[in-house]
Amino acid sequence: MNKPTTQTPAFLITIKGLVQGVGFRPFVYRLATRMGYHGWVENRTDGVIILLQENGVLVDRFLEALKNEVPAASDIGSVSVEPVSCEPMHSFEIAKSKETKTGITEICPDIAVCEDCLMDMKSQPHRIGYSLINCTHCGPRFSIIQNLPYDRPNTTMAPFEMCEVCKAEYDNISDRRFHAQPVACNHCGPVYLIFQDEKMLQTTAINDIVSETASRLTKGQIVALKGTGGYHLICDGLNDSAVLSLRNRKKRDGKPLAVMFRNLSVLKRFAYIGETEKNLLQSWQRPVVLLRSKNNLLAAINSGLNTIGAILPYMPMHYLLFQELETHAIVFTSGNISEEPVVIDDLLAKKHLVEVTNTFITYNREIYNRVDDSVVKVISGKPILIRRSRGFVPKPVKLNFDTEGILAVGAEFKNTFCIGKGKQAILSQHIGDLKNMETHGFFTESIERFKRLFRFEPTMIAADLHPDYLSTQYASATGFPMVKVQHHHAHIASCMAEHNLDEPVIGLSFDGTGLGEDGKIWGSEVMIADLTGYSRLAQMEYIPLPGGDKAVDEPWRIVLSLLQKVFGENCHAYAEQLFPEIPTQRRLQIIEALQKNINCPLSSGLGRLFDAVATLCGLCMNPTFEAEGPMRLEAVADKRNKASYTVTISEGIWQLEPLVQELMKDIENKKDIGLVSAKLHNAVAGFAIQSVIAATKESGIKKVALSGGSFQNKILAEKIIKSLEKKNFTTFMHAQAPPNDGGISLGQLAVAAKRRRISCV
Ligand code: ZN
Ligand code: ZN
Ligand code: FE
């Protein structure tokens, strides 16, 4: 077919992935002009398209350079090239955004301030000390976006009109701020403000605000500081009384607090930092990284644990503050009380945080999407997300099957939800504990926002088996067809989905609590699973939990349960010896409840065994935060010791009697708790490995997926992974979603999508 003579050959390139809000179009512009191409680049809601008029340069060279030089925060998903013809063109242009209904592109997570902007803050006349400086390579993204496409009017920057100077930069193709949507300066952008209670102090000069803040911190006061995705509460991290006062007022009990350090070299004095950890600390995502601490200088912060949650500055304001501060470390904890969601609204901050502080440092740009700091830990040399929020959300997990229209509502504690868009799973930011009313509100509001932002219409709901989970109740109320997914299967499916595993694997699903199909509480599950179902092969023997959830708060009850099981009547003597502080009457009551099986639900949760041993070691009588006992036990473990309690597995059930016998001997003989802890860790690893070997004998499967909150325990995870790899198993740990209940929604989504497909066939 002859083309009209006015047409000239060209290529139409469609790029999908994370290509908006990261300086992608200017990057394409510079690349195309460098290679002498004429044509255009355009943002669509479903990606970026590029038209290149043929000019004798091979299009492959362009594509190669595109992949090699792409901006740091972008992530190219797919590239397709189609030969077309077009009217002859005489330049390369960036075309105006068009909205298309066919799909949506990815939205960029928030990016830590870049080095160039920090320089500009010192040298550019209109941005000297401009504390909300940003460019196409850095700045807020997800936290300010209200709708697509990613253009300024669709963000909370909308009320700020660019000045002439900023506009010129925004329009100048060779400028680093070319088409940077939140571009601003001292003349036209949002500004910081300082409030004492309700009253704004008579200054908006940034120098005054910074020095006033620094002086209050130096005096030991607490300050509420608005960040990228929510408020933080900060105080001098090296001033113990300030730290304790923050802890008390925030009702934080014993839970460790995150700390922002001036820089990496200061941090090295306090913690051991490996290469992967260093890269994470300095990455554009700038998460809190859990590190092994070097000394007990930070005892008030880490509550005697041997880890510290460290973060480096990521907003211009953080750098300005450290310039004025003498201290090298500030406590950097979410601006909330107890389990409430982090505060993002200025008025609410003054209302909710008033018990903690009366100093509020804010800026007059709204945070639209709340995003906490993310938390990462390195296990077996790889980053594992403990909390996935700022810097990571809403980057999708790419799957190889269709998930369109599925909303997975997640678990109840550490909730996240997940939506299916084509072959992408978009996990929400960390939501939290849904039993908290405000957090539940954040959950429902965020679902509505995801629907709008991602043009998402749910047609199917996936939820946990547990009928009492508030997420499950939300799902039931929607009236959509519902797929119920067992908790521990969801953990394994989540790990499988991340690794695009679509064949049966052996799953180790270890955590504290999840409802099983038999109505009992599970949590030490060895299964063979694929994405549609699973069969349970092994578990720890059930332990009766006297008082149910109460046993989690008072783990000595679990100790009595184990003693009663193994020593029968003799448990009275043990109980008296071990827990003299507990009134005899109460001990007798619990033992009687166990004997008569009154309100003693059965649990195979590994967390409960750790709780009991931590209590026996005197590490944690009354936990003040989730998993305190297991964390303390991990902290004291003598890692190099290979001794183990005897593991006896009979017909897939790990019998606890030998372990309890040996454990009690060690306790009576006052053996070092480091040894006791090591023996427990090794026993659990032994149970895992023996069970995997048995499972592979039956099935021939050599791939093992590890999931569940217990795999946040570095010692346990690394022991199991190392042993399995030595025996030629291939292990899979989470890389994108958390191993804890924050990853459950992804697993639910994957299972629902697979079951839906099968039932359609
Ligand atoms: Zn920048
Ligand atoms: Zn300006
Ligand atoms: Fe779980």
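The model shown is predicted: local features need pLDDT of at least 70, side-chain atom pairs count only at pLDDT 80 or more, and totals for chains, interfaces and linings use all residues. Side-chain values use heavy atoms, without hydrogens and water, residues are numbered from 1 along each chain as its sequence is written, and chains are lettered from A and ligands numbered from 1 in the order in which they are written.

View 1. Ideal angles at a metal are 109.5 degrees for four tetrahedral donors. C135 counts as buried because its relative accessibility is 0%, where buried means under 20% relative accessible area with a 1.4 Å probe and protein chains only. C138 is likewise buried, with a relative accessible area of 0%.

View 2. C166 lies in helix α4 and C188 in the loop between α4 and β6 (192-196), so the pair ties together parts that are 22 residues apart in sequence. Helices (H or I, at least four residues) and strands (E, at least two) are DSSP runs, numbered from the N terminus. Both C166 and C188 are buried.

**View 3. The aromatic pair of F142 and F450.** Rings of Phe, Tyr and Trp (its six-membered ring) pair if their centres lie within 6.5 Å; planes under 30 degrees apart count as stacked and over 60 as edge-to-face. The whole structure contains 18 aromatic pairs. In the pair of F142 and F450, the ring centres are 6.3 Å apart and the planes stand at 80°, so the arrangement is edge-to-face. The pair links distant parts of the chain, 308 residues apart: F142 is in the loop between α3 (115-123) and α4 (164-171), and F450 is in helix α12 (residues 437-453). F142 is buried at a relative accessible area of 0%, and F450 is buried at 2%. Ring pairs join F142, F417, F443, F450, F454 and Y474 into a cluster.

**View 4. The stacked aromatic pair of F510 and F711.** The ring centres are 5.4 Å apart, with 15° between the planes. F510 belongs to strand β24 (residues 505-510) and F711 to the loop between β31 (703-707) and α23 (714-726), so the pair ties together parts that are 201 residues apart in sequence. F510 and F711 are both buried.

**View 5. The hairpin of β16 and β17.** Strands β16 (residues 375-379) and β17 (residues 382-387) pair in the antiparallel sense over five bridges; strands pair if DSSP finds at least two bridges between them. V375 stands opposite R387 in β17. The hairpin has two residues between the strands, and S380 takes a positive phi near 50°.

Key
Buried < 20%, exposed > 50% of the residue type's maximum accessible area, 1.4 Å probe, protein only.
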